[in-house]
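User: Hello! Could you walk me through this structure with a few questions and answers?

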Amino acid sequence: MGLLDQEFSDSNIVITKAEDLLNWARLSSLWQLGFGLACCAIEMMATSASHYDFDRFGVIPRPSPRQSDIIIISGTVTLKMALRIKRLYEQMPDPKYIISMGSCSNCGGPYWEHGYHVLKGVDRVIPVDVYVPGCPPRPEALLEGLLKLQEKIRTESLSKKSA
Ligand code: SF4
């Protein structure tokens, strides 16, 4: 059942579970910590621009991890940057979500074999909810990744996520 489980005939009362209501609010207002690392970030920025319009899904960029629900790791994660990403993740309030955007962030990308300075997947330092493949992924792919994350949040148990 969706958010509006029952609607009374006068159209002014709806009944639903508190968990469904909170999940709906959360998935509809995912504030994003702006965090571009390399070429994939250009596609992430294009997704926020008027043509693809990330805002219509409630994804609004924020300058601070304290105000953010989601990080989109878009680009090459160097070993130096990995610890900073972990620190930013730890500064975000629960519940928090990660989208890994692009091959570099997913598995090291073109640097997976000989890139001595590149982490072979950001999931080695933080838990990833959704992986978006591509080098770089197009904005449509990132939007698809966001919809997958929203599906996940819709069925989430709040007690489990914040534990
Ligand atoms: S996945 Fe490709 S496009 Fe994205 S940061 Fe790596 S090299 Fe650049």
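Here are some questions on helix packing and salt bridges in this predicted model.

User: How are helices α2 and α5 oriented to each other: roughly parallel or roughly perpendicular?
Analyst: Happy to start there! The axes of α2 (residues 40-48) and α5 (residues 139-154) come within 9 Å and cross at roughly 75 degrees. Angles from 65 to 115 degrees count as roughly perpendicular. The two helices are therefore roughly perpendicular.

User: How many nonpolar residues does the contact of α2 with α5 have?
Analyst: Helix α2 brings E43, M44, A46 and T47, while α5 brings P139, L142 and L143. By class, 1 residue in this contact is polar, 1 is charged, and the nonpolar ones number 5.

User: Which residue forms a salt bridge with E90?
Analyst: A search of the whole structure finds 4 salt bridges. In this one, the closest N and O atoms are 2.9 Å apart. Both partners lie in helix α3 (residues 79-91), 4 residues apart, about one turn of the helix. The partner of E90 is K86.

User: What sequence separation does the salt bridge of K152 with D129 span?
Analyst: Their closest N and O atoms are 2.8 Å apart. K152 lies in helix α5 and D129 in the loop between α4 (103-107) and β7 (130-132), so the pair ties together parts of the chain separated by 23 residues.

Notes:
Residues numbered from 1 in each chain as written. Predicted model: local features only at pLDDT ≥ 70, side-chain atom pairs only at ≥ 80, totals over all residues. Heavy atoms only, no water. Axes fitted to C-alpha atoms, helices over the stretch in contact; angles between N-to-C directions. Parallel < 35°, antiparallel > 145°, perpendicular 65-115°, else oblique. Contact = heavy atoms within 4.5 Å. Nonpolar A, V, L, I, M, F, W, Y, C, P; charged D, E, K, R; others polar. Salt bridge = Lys/Arg side-chain N within 4 Å of Asp/Glu carboxyl O.
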